[in-house]
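Reader: I have a structure to go through with you. Can we start with the charged pairs?

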Amino acid sequence: EQHKTHTMASTQQSNPSSPKSPVSVSTNNPNDATQATQLKKSPLVVIPYPAKIVVHFRHIGAAPILKQKKFKVGSDKLFLSLGNFLKSQLKLSSNDKIYIYCNQAFQPSFDERLGDLYSCFCIGKELVLHYSLVPAWA
């Protein structure tokens with residue numbers, strides 16, 4: 001089966017009101033319907049980060065030091081889950097406060113996705129977060 005392509009340029013001579021620039025219209029191509037179907041099924045936003053990201057924890061001041069500082073975490077997890085995870089790793093009670101900072105400057109919102117933080121603030125293919133038991137940066 002031969003692929004047929006028609007251009008609007010060939011019809012311009014018979015219809016003077018048609019556009020001057022040639023526009024290709026493809027017919028008899030089974031891939032056109034397949035591509036249109038795939039476009040409808042594809043997500044509107046492409047995820048710019050991997051499924052799992054490396055989170056590198058660094059302590060601040062008198063905060064306990066982790067034995068293992070780097071962890072692979074799902075990029076779809078919320079920032080809130082890191083606080084609970086870090087408390088369990090440091091053997092802190094659920095009532096203890098922990099402050100986690102991104103870029104040594106701000107505390108991300110608890111409902112922030114780790115993948116979004118990674119795409120904006122990763123350093124050398126890892127998300128570097130600093131933690132403290134007392135407020136460190138405002």
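Reader: How many salt bridges does a search of the whole structure find?

Author: One salt bridge turns up in the whole structure. Bear in mind that this is a predicted model.

Reader: Which residue pairs with Lys 70 in a salt bridge, and how far apart are the closest N and O atoms?

Author: Glu 126 is the partner of Lys 70, with 3.3 Å between the closest N and O atoms. Lys 70 sits in strand β4 and Glu 126 in the loop between α4 and β6, so the bridge ties together parts that are 56 residues apart in sequence.

Reader: Glu 126, buried or exposed?

Author: Glu 126 is buried, at 13% relative accessible area. Lys 70 is partly exposed, at 43%.

Reader: Now the sheet. What is the strand order?

Author: The order is β4-β3-β6-β5, in an open sheet of four strands with mixed pairing. β4 and β5 are the edge strands, each pairing on one side only. On average, neighbouring strands are turned by 35° against each other, ignoring direction.

Reader: In what sense do β5 and β6 pair?

Author: Antiparallel, over four bridges between β5 and β6. Ile 100 stands opposite Tyr 131 of β6.

Reader: Which strands does α4 touch?

Author: α4 packs on the sheet and touches β3, β4, β5 and β6. The direction of α4 makes about 110° with that of β6.

Reader: And α3, which of its residues are buried?

Author: Helix α3 spans residues 79-89, and its buried residues are Phe 79, Leu 82, Gly 83, Leu 86 and Lys 87. Seen down the axis, these fall within an arc of 130°, so they line one face of α3.

Reader: What covers the buried residues of α3?

Author: The cover includes strands β3, β4, β5 and β6, along with helix α4.

Reader: Last topic, cysteines. How many disulfides does the search find?

Author: Zero in the whole structure. Cys 102 is in no disulfide, the nearest cysteine sulfur being that of Cys 120, 8.8 Å away. Cys 102 is also buried, at 0% relative accessibility.

Technical notes:
Residues numbered from 1 in each chain as written. Predicted model: local features only at pLDDT ≥ 70, side-chain atom pairs only at ≥ 80, totals over all residues. Heavy atoms only, no water. Disulfide = S-S within 2.5 Å. Buried < 20%, exposed > 50% of the residue type's maximum accessible area, 1.4 Å probe, protein only. Helix = DSSP H or I, 4+ residues; strand = E, 2+ residues; numbered from the N terminus. Arc of directions from axis to C-beta. Contact = heavy atoms within 4.5 Å. Salt bridge = Lys/Arg side-chain N within 4 Å of Asp/Glu carboxyl O. Pairing = 2+ DSSP bridges. Axes fitted to C-alpha atoms, helices over the stretch in contact; angles between N-to-C directions.
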